[in-house]
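Trainee: I'd like to learn how to read helix packing in a model. Could you take me through it step by step?

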Amino acid sequence: MEKSLAVPQERRDCVHSLRMRSKYALFLAFVVVVFVFIEKENKIISRVSDKLKQIPQSLADANSTDPVLILADNASLMSLSELDSAFSQMQSRLHNLSLQLGMEPEGEAQAPAQEEAQSQPASTPPGQRRHVLLMATTRTGSSFVGEFFNQQGNIFYLFEPLWHIERTVSFEQGRASAAASALVYRDVLQQLFLCDLYVLEPFINPPPEAHLTPFMFRRGSSRSLCEDPVCTPFVKKVFEKYHCRDRRCGPLNVTLAAEACRRKDHMALKAVRMRQLEFLQPLAEDPRLDLRVIQLVRDPRAVLASRMVAFAGKYETWKKWLEEGQDQLQEEEVQRLRANCESIRLSAELGLRQPAWLRGRYMLVRYEDVARKPLQKAREMYRFAGIPLTPQVEDWIQKNTQAARDGSGIYSTQKNSSEQFEKWRFSIPFKLAQVVQAACAPTMHLFGYKLAGDAASLTNRSLSLLEERGTFWVT
């Protein structure tokens, strides 16, 4: 009898997962094709009619919006409200279309696990539970700073859950790609902050079975996913790509993880893939979240030096340029570097302007300041988040920032932070530093990173390349 009941449940889970994948695939196809930006002065730069011609007429009608939407040449985010409105309209039209096609029967009940997740209240009364987003880019020290929240027992911490979306969803290359990905990331973040961890299941490969998976990315970097009762008994002969660090646990039970999330007082999440601050406005205005955003930045010269070591295969062009002594680096590489710096700068400038929706919810932190004064900065971040700092975190900081030598591995969080943060100055060639300074000068100026005039200045430890900014970074 039990066996006959189990089969339909597995089928329902499978059908639900397939439906989720189908809806996202259909939805994202139109996001990239139809999504557009309206310039401030409504000047038409380009049209997307060529793309729309490739869509069957019934689908094109279902996703048409009035007035005609325009794609800005520089993919500016100045018209976010118009874009978000179009996004909502198109999402509604796609829902209606899916009803017509029989993909989503009207009135269909939610999956039992998701229904349970939405019906269960958080243990902390509304208005007291905090949700912290650590927003950064790769090699800025975000794993290290994330540990400040991971080590506190009453915080449910997730490490890079958006990695699964990036690996599963393919966005067309083009001007609307960044906007399309940011909108998807934002919606997933919102569900995760509400402890709906099931939202990740359609993106995990291979798909979870009965809400069990051994493939949750870097599970061991989240204490909340490796402690009781989420840590279930170890199962022999089950391959686990991402396992817990200090104990042996069975495959991750998403249902138990969601329940643990709801029992914690607060939640924190680290993401290096969500880079556009303006897209977070709906989350900041969501009364259920009481969101706090901490944007972590680092000297772009140090970031590039670190990336060339950690992701060597992606920087072969840079290495070849350095080794062969060529005068010019490929313009494409320089433009990519400049675009990354500009993206970070624009988000920071928005946060520091303190628009009404972000007032009291944004904090800008330099990694260098954290490295020099980790305990002080941890206290500032916790004060900003409205969460009391526990001795547990303070002890971890003391032990892991005064190590005799740095821990092994490019992702290690154990280091002598006050000495480590300037090591890049003695490993980066001066001509490489010059390229970064030329491409990222406005960003460096905003964050208080001084330019090095020559090779001697770069390697002279007595000359600081940091301007002191004090409490300017808390807004």
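**Reading helix packing**

Mentor: Let's begin with a pair: helix H6 (residues 142-150) and H15 pack at an angle of about 60°, with their axes 11 Å apart. Helices here are DSSP runs (H or I, at least four residues), strands are runs of E (at least two), and both are numbered from the N terminus. This is a predicted model, where local features need pLDDT of at least 70 and side-chain atom pairs count only at pLDDT 80 or more, while totals for chains, interfaces and linings use all residues. Residues are numbered from 1 along each chain as its sequence is written, and side-chain values use heavy atoms, with hydrogens and water left out.

Trainee: What describes two packed helices?

Mentor: Two numbers do: the angle between their axes and the distance between the axes. The axes are lines fitted to C-alpha atoms, for helices over the stretch in contact, and the angles run from 0 to 180 degrees between N-to-C directions. Angles under 35 degrees count as roughly parallel, over 145 as roughly antiparallel, 65 to 115 as roughly perpendicular and the rest as oblique. H6 and H15 are therefore oblique to each other.

Trainee: Which residues make the contact of H6 and H15?

Mentor: Contact means heavy atoms within 4.5 Å. Val-145, Phe-148 and Phe-149 of H6 meet Pro-374, Ala-378, Met-381 and Tyr-382 of H15. By class, this contact has seven nonpolar, no polar and no charged residues. Ala, Val, Leu, Ile, Met, Phe, Trp, Tyr, Cys and Pro count as nonpolar, Asp, Glu, Lys and Arg as charged, and the others, Gly among them, as polar.

Trainee: How does H15 pack with helix H16 (residues 391-400)?

Mentor: H15 and H16 pack at an angle of about 150°, with their axes 10 Å apart. That makes H15 roughly antiparallel to H16. On the H15 side, the contact uses Pro-374, Leu-375, Ala-378, Arg-379 and Tyr-382, and on the H16 side Val-393, Glu-394, Ile-397 and Gln-398. These residues divide into six nonpolar, one polar and two charged.

Trainee: Is H15 largely enclosed by the rest of the structure or largely open?

Mentor: Look at burial: buried means under 20% relative accessible area, exposed over 50%, partly exposed in between (1.4 Å probe, protein chains only). Nine of the 12 residues of H15 are buried, so H15 is largely enclosed by the rest of the structure. Among them are Lys-377, Glu-380 and Phe-384. Across the protein, buried residues make up 53% of the 475 residues.

Trainee: What span should the 12 residues of H15 have?

Mentor: The expected span is 1.5 Å times one less than the number of residues. For H15 (residues 374-385) that gives 16 Å, and its end C-alpha atoms are 16 Å apart, which agrees. Just after H15, Gly-386 takes a positive phi of about 80°.

Trainee: How do helix H12 (residues 316-324) and helix H18 (residues 430-447) pack?

Mentor: Their angle is about 130°, with axes 10 Å apart, and H12 and H18 are therefore oblique to each other. Trp-318, Trp-321 and Leu-322 of H12 make the contact with Lys-431, Leu-432 and Val-435 of H18.

Trainee: How far apart are the C-alpha atoms of Ala-305 and Leu-432?

Mentor: They are separated by 8.9 Å, though the two residues are 127 residues apart along the chain. Ala-305 is found in helix H11 (residues 300-310) and, at 15% relative accessibility, counts as buried.
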